[in-house]
Amino acid sequence: MWGENVRSEAVGERRSVTAGHDTGADPRVEALGRAVQRMRRALDAHPAELPDRREAERGLDALTAVVRSGAPAAQELRYPLLLLAAAVGSVSALARPLVGVREAVELFGAGPRSEN
């Protein structure tokens, strides 16, 4: 993302995205996107068979879709994070990237709580 050429689908122009320049993107969204990418790479590199790998991938796909929307609400992030944590939470090799995703989700706040 940083320092790469990006082609705008809407107008077909090229521009360079460079660290240190204001791209107008929400830094929380960028942090979440990076955390999701790290988690996906760690999951892909994990050699052992995980019974819930498909569920973990579904959680990552959902988080990726929310990141692409550009302005996720905290409540949109809860279920995919829970799905991901349930799928890989007991795998110590994936603990660090999972914590990174959780911390990135927490940047969006707790969101409203329902009272029963």
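Modeller: Let us start with a single residue, bearing in mind that this is a predicted model: histidine 46 is described as buried, with a relative accessible area of 15%.

Colleague: Why is histidine 46 called buried?

Modeller: Its relative accessible area is 15%, and buried means under 20%, so the word applies to histidine 46. This residue is found in the loop between α1 (27-45) and α2 (53-69), and, not counting residues up to four places away in sequence, histidine 46 touches Arg53, Val91, Ala93 and Leu94.

Colleague: What makes tyrosine 79 count as buried or exposed?

Modeller: Tyrosine 79, which has its place in helix α3 (residues 74-88), has a relative accessibility of 52%, and because the cut-off for exposed is over 50%, tyrosine 79 counts as exposed. The C-alpha atom of tyrosine 79 is separated by 9.0 Å from that of alanine 62, 17 residues apart along the chain.

Colleague: Turning to the helices, how do you know whether α1 and α2 are roughly parallel or antiparallel to each other?

Modeller: The angle at which α1 and α2 pack is about 160°, and their axes are 10 Å apart. Since angles over 145 degrees count as roughly antiparallel, α1 and α2 are therefore given that description. The crossing in which α1 passes α2 is left-handed, and by class their contact has nine nonpolar, two polar and five charged residues.

Colleague: Why is α2 described as roughly antiparallel to α3?

Modeller: The axes of α2 and α3 cross at roughly 155° and come within 8 Å; with the cut-off at over 145 degrees, that makes α2 roughly antiparallel to α3. Their crossing is left-handed, and the contact of α2 with α3 has, by class, eleven nonpolar, one polar and three charged residues.

Colleague: Which residues have the most contacts inside the largest nonpolar core?

Modeller: Leu32, Met39, Leu84, Val88, Leu94 and Val101 do, in a core of 26 residues. At least two residues of this core are supplied by each of α1, α2, α3 and α4 (95-106), and the largest share, seven residues, comes from α1.

Colleague: And what is valine 88 in contact with, leaving aside its neighbours within four places in sequence?

Modeller: Valine 88 is in contact with Met39, Leu43, Leu50, Ala56, Leu94 and Leu98. As a general background, nonpolar side chains tend to be buried together in soluble globular proteins.

How values were computed:
Residues are numbered from 1 along each chain as its sequence is written. This is a predicted model: local features need pLDDT of at least 70, side-chain atom pairs count only at pLDDT 80 or more; totals for chains, interfaces and linings use all residues. Side-chain values use heavy atoms; hydrogens and water are left out. Helices (H or I, at least four residues) and strands (E, at least two) are DSSP runs, numbered from the N terminus. Buried means under 20% relative accessible area, exposed over 50%, partly exposed in between (1.4 Å probe, protein chains only). Contact means heavy atoms within 4.5 Å. Axes are lines fitted to C-alpha atoms, for helices over the stretch in contact, and angles run from 0 to 180 degrees between N-to-C directions. Angles under 35 degrees count as roughly parallel, over 145 as roughly antiparallel, 65 to 115 as roughly perpendicular and the rest as oblique. A crossing is left-handed if the near helix is turned anticlockwise from the far one by less than a right angle, and right-handed if clockwise. Ala, Val, Leu, Ile, Met, Phe, Trp, Tyr, Cys and Pro count as nonpolar, Asp, Glu, Lys and Arg as charged, and the others, Gly among them, as polar. A nonpolar core is a set of buried Ala, Val, Leu, Ile, Met, Phe, Trp, Tyr and Cys residues joined through side-chain atoms within 4.5 Å.
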